[in-house]
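Try each task yourself before reading its solution.

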Amino acid sequence: MSISLDASEEELQNDFHNLEDLEDVADLLDVESSNLIYHIRESPEEGRYKTFTLDKSGGGEREISAPVSALKIIQQKLNQILQAVYTPKAAVHSFLPDRNIRTNAEQHVKQRFVFCVDLKDFFHEINYGRVWGLLQAVPYELPEDVATVLAQICCHNNRLPQGAPTSPIVSNMLCAQLDSELLRLAESNKCIYTRYADDLTFSTSMRQFPDELATGGEDGNVKVGKELREVVDKNGFELNEDKTRLQHEDYRQMVTGLIVNEKVNVPREFVREIRAMLHAWKAHGYEAAEEEFLREYDTKNRKSEKEEPVFSRVIRGKLEFLSMVRGKDDKIYKKYLTEYSRLSNTPINIDNQEEPENDTSKLIVYTEGKTDWKHLKRAIRELAVNQSSELPDLEFNETESDRGDDELLEKCRHTSESEGQHQHAHVFLFDRDQPNQVQEVTEDDQSFRSWGNNVFSAAIPPPPHREDVNISIELYYEDDDLLKRDGNSRRIFLGQEFHKTSGKHKEEAKINCSLLNKTGDENRIIDDRVFNEENENISLSKNDFAEYILNEEPPFDDINFKPFARIFDLLSEIEERVDS
């Protein structure tokens, strides 16, 4: 039995509207009428579908009922016919050839408010009677016997089965009146409306979101507006009020899983997943990477679906999704597709893959003072050797001047205001020890700030072993490494080692610190004026400490740099923002 029909779209439309009885339906589906009757009425009902569950991304399970082979082919043909007959509203973006989650999200870009809510138990709310009535009503107006046969093909256990080829198009057909009424409601309130399956989205550029659609309570909860609720109820659906989001432009706005604040984009987490999977493949080999993926992340039991390796197929699927959202000319997509091609030994024709002679992907990093870049330079060198992280392409501004945070911030402003777009991204990296400044160099929803003109600023995130937020770069080292002594028995000290008022060392009574403004502070670095009983300064300066680190002077040649991976993850986020 062929799985598709040879007739043109116009022929299918004409034959559909001329259906009079079961025989006509069988002829249109190119199946013997006796076989059609058997598969929709006489075969054991429990054998018509295979039912299983899949985990939902937001928790819980989704029941899938997939038809067995013969019924599935009949439904595939009917789906082809219904696709030809159905005329979608402009607001509908689900289950259509040229529309998808990207086209749905595009409608809501650069809006002040974006409101999302979904319909509860969407497919299962559409029962046999609603499908039967739909096919007899305008604009289809089929005879009762024909509507009965078609509804029997489409339904299982008195509802649309999620997993049947016909269910998506039938759901769109049945939502036509709902879409019309919600579109009118949106337009009357100066809003944009779209629907992707059970996801309803409204957006507006008005200063206040209309109460008719939703209101945001003082407790942060969102209440669905009376008029919106009435339209949905009248059309036989129920809103899932546990999944309502009223999103303001000052925060990340998501529509069907895509970011829409400035343009349609995937979340940064999605790109990081691809990067991490490719890195695991490169660093540990395919089998180990796939084993970890199946053990830690995969919940779909995909091994039974196809013979080909699961891990490779998942990466390729993610890459194609990335290209659907950001386009096939996107630099990040090309970069990771090239890496996938190399690792999988799969020739892939990537147009214009070669970068121009002046590569723009490098980040130029500016840090405070003359020591911070030395720690980062050594750290990225060690992490690259140990393959512990996928690292960005960096070039450090290797200054030897004592540039303070105020001077660094001024340089950041000046660089962003200079004429012309910078070829490379310039990143100004600040310690996290001045809370007011941290607010100025980051943005609310992310740990960095874009100043325009390819200029970014960021504050280093706290390392895993330091809970406090006031962090300088030296505190990325664990205490065993930070407090190592050089050949002259000098070392870095911490403020918490000394009594606040006397400056006496808490464990070594013959050692004292004269910088009382630094003593007693848990995360304060003391690199001067610590004296022994001979009145010798035994503190190691930050500059000497950084030089020892950079040049791998013993015992500073054996250091744990894993905590620094958080800084490079942050710089990778900025790298993705540049390339997006």
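**Exercise 1.** Find out whether the crossing of α15 and α19 is left-handed or right-handed, and describe how the two helices meet.

*Solution.* Step one: in this predicted model, the crossing of α15 with α19 is left-handed. Step two: the axes of α15 and helix α19 (residues 542-551) come within 9 Å and cross at roughly 20°. Step three: angles under 35 degrees count as roughly parallel, so α15 is roughly parallel to α19. Step four: look at who touches whom. Helix α15 contributes residues including Trp 373, His 375 and Arg 381, while α19 brings, among them, Phe 545, Glu 547 and Leu 550. Step five: sort the residues of this contact, and you get five nonpolar, two polar and five charged.

**Exercise 2.** Work out in which order the five strands of the open sheet lie, and which of them stand at the edges.

*Solution.* Step one: the order is β12-β11-β13-β15-β14, with mixed pairing. Step two: β12 (394-396) and β14 (448-452) each have a single partner strand, so one side of each is left without a neighbour in the sheet. Step three: neighbouring strands here are turned by 25° against each other on average, direction ignored.

**Exercise 3.** Describe how β11 pairs with β12, and name the helix that touches both of them and β13.

*Solution.* Step one: β11 (residues 363-367) runs parallel to β12, over three bridges.

Definitions and conventions:
Residues are numbered from 1 along each chain as its sequence is written. This is a predicted model: local features need pLDDT of at least 70, side-chain atom pairs count only at pLDDT 80 or more; totals for chains, interfaces and linings use all residues. Side-chain values use heavy atoms; hydrogens and water are left out. Two strands pair if DSSP finds at least two bridges between them. Helices (H or I, at least four residues) and strands (E, at least two) are DSSP runs, numbered from the N terminus. Axes are lines fitted to C-alpha atoms, for helices over the stretch in contact, and angles run from 0 to 180 degrees between N-to-C directions. Contact means heavy atoms within 4.5 Å. Angles under 35 degrees count as roughly parallel, over 145 as roughly antiparallel, 65 to 115 as roughly perpendicular and the rest as oblique. A crossing is left-handed if the near helix is turned anticlockwise from the far one by less than a right angle, and right-handed if clockwise. Ala, Val, Leu, Ile, Met, Phe, Trp, Tyr, Cys and Pro count as nonpolar, Asp, Glu, Lys and Arg as charged, and the others, Gly among them, as polar.
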